[in-house]
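This report concerns the packing and the charged pairs of one protein model.

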Amino acid sequence: VESLERLRLQEEVTMARQIQLDLLPSAPPTTEAFVISAQSTPSRTVGGDFYDFITVSEKRLAVVIADASGKGMPAALMIAQIQAMVRSEVNNGSPISAMLKNVNKQILRSTSAEKFATLFYGELDTADARFCYANAGHNYPILVRRSGQVELLKDGGPVIGAFPHMEYKSSTVQLEPEDILFLFTDGLSEALNAEDHEYGEQRISDMLVRHRNKGPQEIVNEILNDMYTHDPSDPPRDDTTIIAIKMNDLLRSDGQARAF
């Protein structure tokens with residue numbers, strides 16, 4: 001009886017994993033304006049990370065990355081909730097700051113106080129290469145300019161689901177040809193080596209600057225390979241999700257470089 005019960009539980013977890021995989025994008029969107037690479041590895045069969053790409057309008061693409069507190073099934077269920085709420089808010093046309101305020105309010109109503117999530121939401125305007133975003137307590141995405149200059153996308157507010165009546169501020173950055181935008185969850189930055197030293201955000205930033213002339217998939221591969229030399233745990237100790245976006249360098253008809 002015990003082995004049958006164990007088998008039934010395993011089947012349910014496997015089914016939950018398939019449902020979670022179905023919620024993730026099958027492939028990143030592709031346009032002539034930018035190239036995107038994304039990868040997510042759960043530490044258990046189901047994970048508490050998620051990412052999404054949402055078409056807001058013909059010229060605007062939303063990029064979402066989030067990480068729920070805890071691991072396994074409870075974290076996965078919370079993430080599914082948040083994803084549905086974010087998509088609903090986008091469909092309703094909510095401005096970014098109002099969207100995060102509403103999602104925070106709904107999560108507070110539907111989960112216990114110790115359950116929360118970090119979330120980063122940004123909208124990429126493919127017509128003028130502006131990126132409007134808000135950061136809800138998430139690891140700061142790293143913007144690496146063509147020159148190697150590094151900027152962190154910090155503006156926003158606190159984590160989702162922990163505090164009532166929170167306000168979120170949105171900001172805009174202008175992207176230029178060959179810029180790289182790198183989003184990640186703390187499974188990457190907090191990967192520990194045998195001496196309990198974290199991989200760290202500075203090392204991620206240094207890797208991005210060093211490999212900034214490569215394509216986004218190559219950049220993801222370089223960083224993941226470097227992380228595995230630091231912490232070879234397989235599967236990783238924590239859910240690990242990465243998105244790399246690179247602006248293309250197209251030419252105008254007059255021969256001058258432009259972003260899009």
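The model is predicted: local features need pLDDT of at least 70, side-chain atom pairs count only at pLDDT 80 or more, and totals for chains, interfaces and linings use all residues. Residues are numbered from 1 along each chain as its sequence is written, and side-chain values use heavy atoms, without hydrogens and water.

A nonpolar core is a set of buried Ala, Val, Leu, Ile, Met, Phe, Trp, Tyr and Cys residues joined through side-chain atoms within 4.5 Å; buried means under 20% relative accessible area, exposed over 50%, and partly exposed in between (1.4 Å probe, protein chains only). The largest core has 49 residues, of which Val86, Leu119, Tyr121, Phe131, Ile243 and Ile245 touch the most other members. A second, separate core of 18 residues includes Phe184 and Leu188.

Val86 is one of the buried residues of helix 2. Helices are DSSP runs of H or I with at least four residues, and strands are runs of E with at least two. Just after helix 2, Gly93 takes a positive phi of about 75°.

A salt bridge is a side-chain nitrogen of Lys or Arg within 4 Å of a carboxyl oxygen of Asp or Glu; the count by this rule is eleven.

| Pair | Closest N and O atoms |
|---|---|
| Arg145 and Glu151 | 2.9 Å |
| Asp179 and Arg145 | 2.5 Å |
| Arg203 and Asp226 | 2.9 Å |

Arg145, Glu151 and Asp179 are linked in a network of salt bridges. Both Asp179 and Arg145 are buried, whereas Glu151 is partly exposed at 21%.
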